[in-house]
Amino acid sequence: MSGLLVVAEVRNGRLADLTAEMIGAASALKAGLGGRLTVGVIGEGAEALADAANLEGVDELIVVEAPAAFDAAVHEEAALMLVQACVPRLVLIGHSASGMAFAPALAARLGSGFAADVVALGLEGSELFATRSAYGGKVNMEVGFPGKALVVCTLRGATFAAPKAPGSAHRSALSLDPGGIAGAGRHLGYEPAPPASVDIGKAEFILSIGRAVSEETIPRFAALAERLDAVLGCSRPIADAGWLPKAHQVGQSGTIAASCKLYIALGISGAVQHLAGMKHIETIIAVNTDPEAPIFGVAHYGACLDVHALADALEKEFN
Ligand SMILES: Cc1cc2nc3c(=O)[nH]c(=O)nc-3n(C[C@H](O)[C@H](O)[C@H](O)COP(=O)(O)OP(=O)(O)OC[C@H]3O[C@@H](n4cnc5c(N)ncnc54)[C@H](O)[C@@H]3O)c2cc1C
């Protein structure tokens with residue numbers, strides 16, 4: 001067994017960004033692991049979808065035509081065929097609703113090692129290890145796979161750098177008879193999530209608010225963010241209370257601020273789950289009345305200040 005297989009993430013007839021991120025993660029390991037990097041694309045119109053997966057580092061693209069509606073049993077079978085075709089050492093699948101629906105079953109059928117929600121991959125000599133969070137995101141742990149010739153991992157989105165340059169992969173196809181696969185589910189229809197007014201993953205400047213802010217004062221901070229040309233982010237309690245849509249939430253169970261260069265955290269304590277979405281940002285400014293707040297541990301600049309006093313000053317400055 002050698003090389004790597006990436007199972008492309010297809011969402012609603014499109015190749016999701018996570019596919020390129022998984023290709024980036026696989027490319028970084030290719031030299032150490034040896035062998036070829038294969039990307040398998042499963043879905044309706046897989047041949048056309050595969051164009052977007054033809055990125056630098058990819059040696060082979062294998063397409064498997066399958067019905068448009070996601071079916072975990074069909075994906076499991078198709079992924080098994082891909083593994084049998086390229087006999088990899090490592091299989092990467094998106095840590096998404098669909099990836100989680102078939103990756104563990106695939107690993108069980110293959111008798112492989114398995115790690116979910118992986119945020120880093122590495123090699124110690126020839127031994128693979130994966131980093132994933134545990135205990136509700138409070139710790140990161142490294143997982144080894146002793147004695148396992150094959151490993152399956154699901155990778156967290158917005159975590160690995162995607163290659164930009166196009167590739168020149170060889171193409172082939174496998175055929176699958178979905179009619180012969182008995183799935184446990186039945187597709188009733190596709191309901192898109194309500195359109196998000198913000199894209200935290202792509203924002204370069206985020207002004208983020210936490211529990212220090214009340215429901216009544218949210219419009220004030222939203223206006224301030226607009227005036228500063230920032231995207232309004234928030235911690236989970238704000239989204240959980242329904243004060244802002246979930247799309248604004250930064251963190252482990254929200255969105256990772258993957259493209260952000262400047263992050264201003266107002267009245268956010270800095271819980272590990274929040275830090276998971278922003279601690280990598282090159283400039284972090286924290287404002288909090290508690291000098292012991294953990295957010296100051298990752299902030300480059302900080303002020304022990306009431307967020308409302310800061311809002312008064314900024315409004316005067318930028319009116
Ligand atoms: C599985 C799991 C996933 C989670 N995912 C996420 C996630 O994705 N994102 C996320 O954010 N959280 C997440 N959480 C929740 C997380 O653990 C924290 O509860 C949350 O981040 C706390 O939000 P906060 O900092 O706004 O509130 P708090 O922890 O209550 O902090 C409020 C801060 O405001 C300061 N403050 C109060 N008044 C003022 C004032 N007037 N001026 C200035 N400062 C003031 C306080 O000193 C305090 O530090 C998750 C939790 C779990 C278990």
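Tutor: Two strands pair if DSSP finds at least two bridges between them. Helices (H or I, at least four residues) and strands (E, at least two) are DSSP runs numbered from the N terminus. The model is predicted, with local features needing pLDDT of at least 70 and side-chain atom pairs pLDDT 80 or more, while totals for chains, interfaces and linings use all residues. Residues are numbered from 1 along each chain as its sequence is written.

Student: Thanks! In which sense do strand 1 and strand 6 pair?

Tutor: Take residues 4-7 as strand 1 and residues 90-94 as strand 6. Leu 4 stands opposite Leu 90 of strand 6. The two strands share 3 bridges, and their sense is parallel.

Student: Which strands are the edges of the open sheet of 9 strands?

Tutor: The order of this sheet is 9-8-7-10-6-1-4-5-11, and its pairing is mixed. An edge strand here pairs on one side only, which is the case for strand 9 (139-144) and strand 11 (170-174).

Student: What angle does helix 1 make with strand 1?

Tutor: Helix 1 (residues 17-33) lies across strand 1, strand 4 (37-43), strand 6, strand 7 (113-124) and strand 10 (151-155). Axes are lines fitted to C-alpha atoms (for helices, over the stretch in contact), with angles from 0 to 180 degrees between N-to-C directions. On that scale, helix 1 runs relative to strand 1 at about 175 degrees.

Student: How far apart are the end C-alpha atoms of helix 1?

Tutor: The expected span is 1.5 Å times one less than the number of residues. Helix 1 has 17 residues, so its span should be 24 Å. The model agrees with this, because the end C-alpha atoms are separated by 24 Å.

Student: Which strands do the buried residues of helix 1 pack against?

Tutor: Buried means 20 or more other C-beta atoms within 10 Å of a residue's own; exposed means 12 or fewer, and partly exposed lies in between, with C-beta atoms placed from the backbone. Among the buried residues of helix 1 are Leu 18, Glu 21, Met 22 and Ile 23. Contact requires such C-beta atoms to lie within 7 Å. The packing partners are strand 1, strand 3 (14-15), strand 4, strand 6, strand 7 and strand 10.

Student: Is Asn 12 buried or exposed?

Tutor: Asn 12 sits in the loop between strand 2 (10-11) and strand 3, and its phi is positive, near 50 degrees, in a residue other than glycine. Because Asn 12 has 11 C-beta neighbours inside 10 Å, it counts as exposed.

Student: And how is Val 87 classed, with 14 C-beta neighbours inside 10 Å?

Tutor: Val 87 belongs to the loop between helix 3 (72-86) and strand 6. Although not a glycine, Val 87 has a positive phi of about 40 degrees. Its 14 neighbours are why Val 87 counts as partly exposed.

Student: What is the strand order in the open sheet of 5 strands?

Tutor: The pairing in this sheet is parallel. Strand 13 (231-234) and strand 16 (301-303) each have a single partner strand, so one side of each is left without a neighbour in the sheet. With these two at the edges, the order is 13-12-14-15-16.

Student: Which residue is the bridge partner of Leu 262 in strand 15?

Tutor: Strand 14 (residues 262-266) and strand 15 (residues 283-287) pair in the parallel sense over 5 bridges. Across from Leu 262, the bridge partner in strand 15 is Thr 283.

Notes. Contact = placed C-beta atoms within 7 Å.
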